[in-house]
Amino acid sequence: MAAAPILAFDVGGSFVKAGRVDATAGRVLGEVVKRPTPADAAPVAVIDLLAAIARELPSDGPVGLAFPAVAKRGVAWTAANVDRRWIGTNAQALLEERLRRPVAFLNDADAAGVAEMTLGAGRGRDGTVMVLTLGTGIGTAIFVDGRLVPNTELGHLEVRGQEAEHRASAKVRVDQGLGWPAWAAAVNEVLAAYHALLWPDVFIIGGGVTENWAHFGPLLESRAEIVRAEFGNDAGLIGAAMAAVAASTPKRG
Ligand code: BGC
């Protein structure tokens with residue numbers, strides 16, 4: 001029997017994405033709805049948009065919400081690439097009230113990491129795995145023997161006096177018009193800083209930019225293994241849906 005589709009959202013600084021996800025198979029069913037994040041991206045405007053999209057994508061059951069911030073017990077604690085009014089907002093409670101359904105709220109990179117570890121490039125991996133999402137910012141998700149250490153936020157780690165995500169995000173490449181080799185060198189510096197701190201066994205490199213893996217993947221270097229993420233741009237949606245299912249499934253034992 002096919003699993004019921006799970007509604008998932010991935011809110012970003014530039015776009016809000018939504019889709020109905022088969023969380024067991026790890027794929028979005030049908031189209032991904034993509035809308036510009038409202039110019040006044042205050043919590044109310046974004047929740048209004050999510051509620052409107054939910055009407056376009058009928059579904060039942062729990063909902064996943066991936067968000068680019070520290071996410072603890074439903075509350076956003078930071079706002080690097082979104083409106084500062086999110087800080088201290090209980091996003092989970094706001095969306096639950098609007099949709100009248102349970103919501104799992106988690107950091108976007110952690111969501112992408114959950115997708116990769118469950119069904120993607122990190123499947124079956126033990127040791128320390130670090131998943132990076134290279135996009136508007138740099139998201140990080142760390143797994144130790146398959147267990148997530150949430151909210152690591154290492155995109156903000158300073159590397160030679162500058163935040164990692166201001167040095168090597170996918171946006172930096174575009175904004176600064178960097179060629180692939182120059183950008184890959186910047187990413188390598190960030191990988192070296194992460195490696196010195198955490199000695200991961202493997203880096204899983206994700207984000208929409210991995211569509212261009214042939215241009216930069218072979219230029220990446222680290223003492224850790226480097227692999228391409230399998231889920232690309234939909235990783236956040238898929239992982240958010242998986243988190244929604246996990247949160248609504250009674251724990252055994
Ligand atoms: C945010 C993180 C997020 C990352 C990727 C950073 O600026 O602080 O929470 O995971 O961007 O979106």
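**Setting values against definitions**

Modeller: Glu 153 is placed in the loop between β10 and β11 (158-159), where the strands are DSSP runs of E with at least two residues and the helices DSSP runs of H or I with at least four, numbered from the N terminus. The model is predicted, so that local features need a pLDDT of at least 70 and side-chain atom pairs count only at 80 or more, while totals for chains, interfaces and linings use all residues. Residues are numbered from 1 along each chain as its sequence is written, and side-chain values use heavy atoms, with hydrogens and water left out.

Colleague: Why is Glu 153 called partly exposed?

Modeller: The relative accessible area of Glu 153 is 21%, and the classes are buried for under 20%, exposed for over 50% and partly exposed in between, with a 1.4 Å probe and protein chains only. Glu 153 therefore counts as partly exposed.

Colleague: What makes the backbone of Glu 153 worth a remark?

Modeller: Most residues other than glycine have a negative phi. Phi of Glu 153, however, is near 55°, a positive value in a residue that is not glycine. Arg 73, in the loop between β5 (71-72) and β6 (75-76), also has a positive phi, of about 45°, although it is not a glycine.

Colleague: Which accessibility class does Arg 73 belong to, and on what value?

Modeller: Arg 73 has a relative accessible area of 83%, and so it is classed as exposed.

Colleague: Why are α3 and α8 called roughly perpendicular?

Modeller: Helix α3 (residues 108-119) and helix α8 (residues 235-248) pack at an angle of about 80°, with their axes 7 Å apart. Axes are lines fitted to C-alpha atoms, for helices over the stretch in contact, and angles run from 0 to 180 degrees between N-to-C directions. Angles under 35 degrees count as roughly parallel, over 145 as roughly antiparallel, 65 to 115 as roughly perpendicular and the rest as oblique, and α3 and α8 are therefore roughly perpendicular to each other.

Colleague: What makes β3 and β7 edge strands?

Modeller: Two strands pair if DSSP finds at least two bridges between them. Five strands form an open sheet of mixed pairing in the order β3-β2-β1-β4-β7, and β3 (27-36) and β7 (103-107) each pair on one side only. Strand β4 (residues 63-67) is joined to β7 by five bridges and runs parallel with it, Val 63 standing opposite Val 103 in β7. Helix α8 packs on this sheet, touching β1 (6-11), β2 (15-22), β3, β4 and β7, and its direction makes about 130° with that of β1.

Colleague: How many strands does the open sheet with β10 have, and which are its edges?

Modeller: That open sheet has five strands in the order β10-β9-β8-β13-β14, with mixed pairing, and its edges are β10 (147-149) and β14 (225-228), each of which pairs on one side only. Neighbouring strands of this sheet are turned by 25° against each other on average, direction ignored. Four bridges join β13 (residues 202-206) to β14, in parallel, and the bridge partner of Val 202 in β14 is Glu 225. Helix α3 packs on the sheet, touching β8 (128-134), β9 (138-144), β10 and β13, with its direction at about 50° to that of β9.

Colleague: How do you know that the protein is as compact as a globular protein of its length?

Modeller: The protein has eight helices and 14 strands. Its radius of gyration is 17 Å, close to the 18 Å that the globule rule gives for 253 residues, so the protein is as compact as a globular protein of that length; the radius is taken over C-alpha atoms, and the rule is 2.2 Å times the number of residues to the power 0.38. Buried residues make up 53% of the 253 residues.

Notes:
Contact = heavy atoms within 4.5 Å.
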